[in-house]
Amino acid sequence: MRCNPSLLFAIQVAYASVGVVVGIIVCIAFLDKTFGNTHAAAWGGVSGGLAFLNLTLYVYVFVTREKRGRPLNFNLLVAFAFEGAVATGAGLGGFVAYLGLGIDDSVHHHEPSLVKSWYVASVWSFMTLKWGLSTFFFATRKLRQAPLDGSYIAITN
């Protein structure tokens, strides 16, 4: 059973929009002197940016394919997939690094406040990992579907 494309699009847009708003709020909140966790602020901003990239991809595919009935740009989908892969790698690296730093601080009995801890930055780098994976898998799924029905165009120089 296939889901209604308009309903699926609305759910995807709502999900990505919430990600953008939360990423921006986290970035602003953790840059404030009250919290002062610049690492979490940076990863929150990157997460919000990737949520916006994901939102852009959803809108592009829906408007181009579902509404206009035009073929998708193959190179643009490859670029989205590449950006998702790079973001996934960065998020995974940040997640492992901040988790390691947090464990190291706990083992050596350094007790920073929860707000300034490495674990908060680890959570937001994981959110970056999640948005990177979402972008990568959605773009590659559209790339895999496109050659089957001939609905893509390859732009070459």
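Modeller: Helices here are DSSP runs of H or I with at least four residues and strands are runs of E with at least two, both numbered from the N terminus. By that reading, the elements of the protein run α-α-β-α-α-β from the N terminus on, which comes to four helices and two strands. This is a predicted model, in which local features need pLDDT of at least 70 and side-chain atom pairs count only at pLDDT 80 or more, while totals for chains, interfaces and linings use all residues. Residues are numbered from 1 along each chain as its sequence is written, and side-chain values use heavy atoms, with hydrogens and water left out.

Colleague: Where is confidence lowest, and where is it highest?

Modeller: The score to read is pLDDT, the predictor's confidence in each residue, from 0 to 100. Where pLDDT is low, the predicted coordinates should not be read in detail. The protein averages 85, and 87% of the residues score at least 70. Confidence is lowest in strand S2 (residues 152–153), with a mean of 57, and highest in H2, at 91.

Colleague: Which residues of H1 are buried?

Modeller: A residue is buried under 20% relative accessible area, exposed over 50%, and partly exposed in between (1.4 Å probe, protein chains only). In H1 the buried residues are Phe-9, Gln-12, Ala-16, Gly-19, Val-20, Gly-23, Val-26 and Phe-30. Across the protein, buried residues make up 37% of the 157 residues.

Colleague: How many aromatic pairs are there?

Modeller: A pair of aromatic rings is described by the distance of the centres and the angle of the planes. Rings of Phe, Tyr and Trp (its six-membered ring) pair if their centres lie within 6.5 Å, and planes under 30 degrees apart count as stacked, over 60 as edge-to-face and the rest as tilted. By this rule the count comes to seven aromatic pairs. One of them joins Trp-43 and Tyr-98, whose ring centres are 6.4 Å apart and whose planes stand at 85 degrees, so this pair is edge-to-face. Because Trp-43 lies in helix H2 and Tyr-98 in helix H3, the pair ties together parts that are 55 residues apart in sequence. Trp-43 is buried, at 15% relative accessible area, and Tyr-98 is buried too, at 12%. A tilted pair is formed by Phe-95 and Phe-126, with 5.4 Å centre to centre and 55 degrees between the planes. This pair links distant parts of the chain, with Phe-95 in helix H3 and Phe-126 in helix H4, 31 residues apart. Phe-95 is partly exposed at 25% relative accessible area, and Phe-126 counts as partly exposed at 40%.

Colleague: Which residues form one aromatic cluster?

Modeller: Trp-43, Tyr-98 and Trp-118 form one aromatic cluster.

Colleague: How far apart are Phe-126 and Thr-88, in sequence and in space?

Modeller: Phe-126 and Thr-88 are 38 residues apart in sequence, and their C-alpha atoms lie 9.0 Å apart in space.
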